[in-house]
Every structure is written in C-alpha cells, then in structure tokens.
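This report goes through one protein chain, from the overall fold down to single residues. Please keep the sequence and the structure at hand while reading.

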Amino acid sequence: MARKPRRAQGEPTIPLINVVFLMLIFFLVAGQIAPPLAADLSLVRTAELEGRAPPDTLIIRADGEMQYRGEPVASAAAFADTLPEDEREEIRLVPDRDLEARALVNIAAELRGAGAGRVLIVTERGLAE
C-alpha cells in the first residue's frame, strides 16, 4: 500500500490575524487622547490683534527708561523694593528690541541682587510666513 506524503504543517495564520486585528482596535480606541472640538466651533483669529505687554511687567525702553503699570521707575532695585514678597518670586521684564543686551543683563542682575527669585524676559515670538 502506498502512503500519502505528509504535508508539513504550517503556522496557523488565523490566530495571528486575530491578534493583529485586536491590537488595531485597541490602539484606535486608546489613541484618542483629547476629545475632538465641536464641529460648529470657529476659533478666534489673532493675526490682526495688536500685542501688548502684560500689565504686571517691568517695561524697559530702548534708552533704559523703565515703567511699571504706566508709572516711571527710578531703578530696578527701587522697583523690587516696592513689590510685596510674593511678587518678588517672579519678575517679568519686557525689554525694547533696541535695548542693549548689556543693559538688560545689568537690570536683571540688579533685580536678582534686590531679592528677585526669577527674572523672566517676555519676548515676541517670530511667526514663519
């Protein structure tokens, strides 16, 4: 009697397809981190808005003149001395674009010497067009 040749048993592909399909479903469901915005929502356009300095910042003009809330400031140390302790932790500076870097560094060092915890410089972010 002649024996039929045995076929080599291959890897089962159905369980592999099932696992890949379950992984696909899992990542589709878990991948949605933020809920989508409402379809009828239109966002505000800020391209034409005029930028202004935040009200609680020390503004430094190109000639070194300083202002806080529209009032002139004699020196950075005098400005820091007028602030309450909790506002000295973080002082924001808005320097003019034409202010010399050396003057800005000197003002920041003067503020740090007068007890400022952190001195932050507020700048304008350039837009790529």
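**Overall picture**

The model is predicted. Its mean pLDDT is 79, and 74% of the residues reach 70 or more. Among the helices and strands, confidence is lowest in strand E5 (residues 118-121), with a mean of 87, and highest in helix H3 (residues 101-113), with 91.

The protein has 3 helices and 5 strands. Read from the N terminus, these elements follow the order α-β-β-β-α-β-α-β. Of the 129 residues, 17% count as buried. The protein exposes about 11,500 Å², and carbon and sulfur atoms supply 56% of that area. Among contacts with a separation of 6 or more, residues 24 or more positions apart account for 58%.

Helix H1 (13-30) has 18 residues, which should span 26 Å at 1.5 Å a residue; its end C-alpha atoms are 26 Å apart, so the two values agree. The number of buried residues in H1 is 0, so this helix lies largely in the open.

H3 has 13 residues and reaches 18 Å from its first C-alpha to its last, close to the 18 Å expected at 1.5 Å a residue. Which residues of H3 are buried? They are Leu104, Ile107, Ala108 and Leu111. These four cover an arc of only 95° around the axis, which puts them on the same side of H3. An α-helix has 3.6 residues a turn, so residues three or four places apart point the same way. On the other side of H3, Arg102, Val105 and Gly113 are exposed.

The cover over the buried residues of H3 includes strands E1 (58-60), E2 (66-68), E4 (90-95) and E5, together with helix H2 (76-82). Just after H3, glycine 115 takes a positive phi of about 110°.

| Residue | Relative accessibility | State |
|---|---|---|
| Threonine 57 | 1% | buried |
| Arginine 69 | 52% | exposed |
| Arginine 88 | 14% | buried |
| Aspartate 98 | 60% | exposed |

Threonine 57 sits in the loop between H1 and E1. At 1% relative accessibility, threonine 57 falls under the 20% limit and therefore counts as buried. Leaving out residues up to four places away in sequence, threonine 57 touches Gln67, Tyr68, Arg92 and Val94. Of these contacts, Gln67 and Tyr68 belong to E2, whereas Arg92 and Val94 belong to E4.

Arginine 69 is in the loop between E2 and strand E3 (71-73). Arginine 69 has a positive phi of about 55°, although it is not a glycine. Its side is the open one: at 52% relative accessibility, arginine 69 is over the 50% limit and so counts as exposed.

Arginine 88 lies in the loop between H2 and E4. Is arginine 88 buried or exposed? With a relative accessibility of 14%, arginine 88 counts as buried, because the limit is 20%. Apart from its neighbours within four places in sequence, arginine 88 is in contact with Ala80, Asp81, Leu83, Ala114, Gly115, Ala116 and Gly117. A polar atom of the arginine 88 side chain lies 3.3 Å from the backbone oxygen of aspartate 81. Arginine 88 and leucine 111 are 23 residues apart in sequence, while their C-alpha atoms are 9.0 Å apart in space. Leucine 111 is one of the buried residues of H3.

Aspartate 98 is found in the loop between E4 and H3. Aspartate 98 counts as exposed because its relative accessibility, 60%, is over 50%. How far apart in space are aspartate 98 and glycine 64, C-alpha to C-alpha? The distance is 9.9 Å, and the two residues are 34 residues apart in sequence.

Key
Residues numbered from 1 in each chain as written. Predicted model: local features only at pLDDT ≥ 70, side-chain atom pairs only at ≥ 80, totals over all residues. Heavy atoms only, no water. pLDDT = per-residue confidence, 0-100. Helix = DSSP H or I, 4+ residues; strand = E, 2+ residues; numbered from the N terminus. Expected span 1.5 Å × (residues − 1). Buried < 20%, exposed > 50% of the residue type's maximum accessible area, 1.4 Å probe, protein only. Arc of directions from axis to C-beta. Contact = heavy atoms within 4.5 Å. Polar contact = N/O pair within 3.5 Å; in protein donor to acceptor, adjacent residues only side chain to side chain. Areas by Shrake-Rupley, 256 points an atom, 1.4 Å probe, with all protein chains shown as cover.
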